[in-house]
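Let's take a walk through the side chains of this protein, looking at rings, nonpolar packing and charged pairs.

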Amino acid sequence: MNATTAHLDALLHARHIVFVGGAALAKSISACREIGYVGRISIVSRTRAEIGGIACLPSLAALDGVPDAAFVAVRNTETVEVVRELAALGVKACVCHAGGFADAGEAGLEAALLDAAGPMALLGPNSYGVLNYLDGVALWPDHHGGSPVEHGVALICQGTRVCLGQPVLDRALPLAYVVQVGNQVQLDVAHWMDVLLDDPRVSAIGLCFDSLTDVAGFSRAVLKAREKNVPVVVVKASRSDGMGQFGADRIYDALFERYGIVRAASQLELLEILKFLALSGPLTGRRLGVVGCTGADATLAADFAAANRLLLPQPDITCRARLAAYLAPARLANPLDCSQAARVGRQALADCFTQFLTDGLDAGVLLIDYPGERHGTRQAWDMAINAWIDAYSRTTLPMAVVSNFPEKIPAAVCHRLASVGITPLRDLESALRVLDAAVRVSEGWVVTPAAPLAYARQHDDGDDGPASRLPRRTASYRPKPWPSVP
């Protein structure tokens with residue numbers, strides 16, 4: 001790793017940050033406080049006496065000590081000299097927020113910026129910066145809305161849309177890092193993958209970009225991810241050339257296939273796949289057990305499963321006999337009808353779920369639609385969720401909860417499920433695409449043209465699963481406090 005890349009550690013774990021700019025830095029200071037930053041903050045501003053309750057310094061020369069990292073939010077014509085001065089002071093890393101460089105046809109100005117940085121690690125220009133939810137560090141120009149985590153996914157984006165949208169959405173996705181690379185004048189997607197993969201708390205990596213600047217470096221980073229059992233999921237924009245031609249994009253498809261990378265169809269699907277990988281891990285087979293409440297649920301689940309090459313094996317005669325004792329006259333098949341849940345009770349329902357899910361399956365899915373708050377009690381739905389959690393505690397099976405419509409599972413329930421390791425997903429159709437992607441992670445890494453690896457999955461009894469399996473990642477993620485389900 002070169003000196004510049006090594007300096008990224010100072011950016012990710014900065015103990016002293018200097019912000020350079022004007023009144024807009026108030027949001028950056030709020031972002032630091034929001035993420036729980038406990039380090040030292042300095043502000044250099046020519047126009048303000050104080051920002052966010054912190055007294056401003058008139059120049060970088062007035063700094064007391066050398067900051068680890070800087071966030072520069074001045075005009076592009078001023079940015080080069082500020083970066084040059086930061087490098088001369090010995091600051092190790094810098095985020096350049098301003099645009100108006102190569103993104104606006106000013107390639108010469110961008111070259112001057114790179115020269116001014118010298119050995120300093122330079123993120124940008126045209127970058128929103130970095131969020132580190134693991135250690136509470138934010139070099140970011142706006143509110144982000146995320147929560148501290150103990151481990152989670154790293155999101156590396158070329159554009160700002162997914163970086164800006166995800167942290168403020170209530171999706172129960174454990175985010176470890178968010179990096180928006182901007183123009184990648186010095187540090188590209190591959191650099192950031194390489195550095196973030198050194199953190200064992202990163203459970204998956206999500207990438208969102210238009211194109212790669214260093215395919216060889218990217219390939220090396222992906223192989224490093226393979227060695228560390230960290231799945232990589234990609235959304236690549238610009239599928240066509242604007243005239244309906246997809247030739248160049250097929251080259252990327254071949255690259256992703258070669259290195260066992262799953263390509264998501266959209267930014268939203270990327271986030272859902274990452275959530276499942278972080279909370280449940282890759283799937284090692286296509287045999288699903290689905291539990292619903294209506295015949296329509298069963299029909300839709302069967303249709304969507306077939307469309308995604310997922311299997312719904314039927315329970316054997318012994319399993320059906322045990323289920324009949326509690327659930328008859330409901331449909332004792334896969335998908336399983338739990339319309340009798342309200343009269344069965346939590347303990348018996350948990351027993352049914354456990355019996356159903358230990359019948360040679362690879363994952364379990366509970367389909368549930370909560371009623372609106374104005375419709376009164378949710379006791380029966382809460383009981384089903386509690387029974388599903390009880391069953392999860394008795395098996396090593398990855399499990400998810402989905403609804404027919406995204407808004408039909410309350411946010412508090414989503415966060416509770418995530419806190420124990422069950423993945424809440426948006427809706428049935430997209431959820432089964434996510435499960436297919438989780439299988440393709442395992443399938444793709446098995447055929448990757450690199451040295452074979454043993455992916456041992458630890459079971460509760462201490463025995464290893466098949467060697468071809470990736471490890472199951474049990475969640476220690478804890479979101480902000482939410483009301484618990486009774």
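Does Arg286 count as buried or exposed? With a relative accessibility of 11%, Arg286 counts as buried, because the cut-off for that class is under 20%. Please keep in mind that this is a predicted model.

Arg286 has a charged partner: Asp436 forms a salt bridge with Arg286, and their closest N and O atoms are 2.9 Å apart. Asp436 sits in helix α17, while Arg286 belongs to the loop between α10 (267-279) and β15 (288-292), so this pair ties together parts that are 150 residues apart in sequence. Asp436 is buried as well, at a relative accessible area of 8%.

## Salt bridges around helix α14

The structure has 20 salt bridges in total. One of them joins Arg346 to Asp390, with the closest N and O atoms 2.8 Å apart. This pair links distant parts of the chain, since Arg346 lies in helix α14 (residues 346-357) and Asp390 in helix α15 (residues 379-393), 44 residues apart. Arg346 is partly exposed at 37% relative accessible area, whereas Asp390 counts as buried at 17%.

Asp351 and Arg394 also meet through their side chains in a salt bridge, 2.8 Å from N to O. Asp351 is in helix α14 and Arg394 is in the loop between α15 and β18 (399-402), so parts 43 residues apart in sequence are tied together. Here Asp351 counts as partly exposed at 29% relative accessibility, and Arg394 counts as partly exposed at 38%. Elsewhere, salt bridges with shared partners join Arg286, Arg309, Asp436, Arg440 and Glu443 into one network.

## Aromatic pairs

Now for the rings: how many aromatic pairs does a search of the whole structure find? The search finds 7. One of them is the tilted pair of Phe19 and Phe71, with 6.0 Å from centre to centre and 45 degrees between the planes. Phe19 is in strand β1 (residues 16-20) and Phe71 in strand β5 (residues 69-72), so the pair links distant parts of the chain, 52 residues apart. Both Phe19 and Phe71 are buried.

Tyr128 and Trp140 make an edge-to-face pair, because their ring centres are 5.5 Å apart and their planes stand at 70 degrees. Tyr128 lies in the loop between β7 (121-123) and β8 (129-132), and Trp140 in the loop between β9 (137-139) and β10 (152-157), so the pair ties together parts 12 residues apart in sequence. Both Tyr128 and Trp140 are buried.

There is also a cluster, in which ring pairs link Phe209, Phe218, Tyr252 and Phe256. Tyr252 has a charged neighbour too: the charged end of Lys236 sits over the Tyr252 ring, 4.7 Å from its centre.

In soluble globular proteins, nonpolar side chains tend to be buried together. In this model, the largest nonpolar core has 107 residues, and those with the most contacts inside it are Leu11, Ile156, Trp192, Met193, Ile205, Leu207 and Phe218. Helix α17 (residues 428-447) provides the largest share of this core, 10 residues.

What does Met193 touch, not counting residues up to four places away in sequence? Its contacts are Ile156, Ile205, Leu207, Phe218, Ala221, Val222 and Val232. A second, separate core has 40 residues, among them Ala341, Tyr370, Ile385 and Leu397.

Terms used:
Residues are numbered from 1 along each chain as its sequence is written. This is a predicted model: local features need pLDDT of at least 70, side-chain atom pairs count only at pLDDT 80 or more; totals for chains, interfaces and linings use all residues. Side-chain values use heavy atoms; hydrogens and water are left out. Rings of Phe, Tyr and Trp (its six-membered ring) pair if their centres lie within 6.5 Å; planes under 30 degrees apart count as stacked, over 60 as edge-to-face and the rest as tilted. Helices (H or I, at least four residues) and strands (E, at least two) are DSSP runs, numbered from the N terminus. Buried means under 20% relative accessible area, exposed over 50%, partly exposed in between (1.4 Å probe, protein chains only). A charge sits over a ring if NZ of Lys or CZ of Arg is within 6 Å of the ring centre and within 35 degrees of the ring normal. A nonpolar core is a set of buried Ala, Val, Leu, Ile, Met, Phe, Trp, Tyr and Cys residues joined through side-chain atoms within 4.5 Å. Contact means heavy atoms within 4.5 Å. A salt bridge is a side-chain nitrogen of Lys or Arg within 4 Å of a carboxyl oxygen of Asp or Glu.
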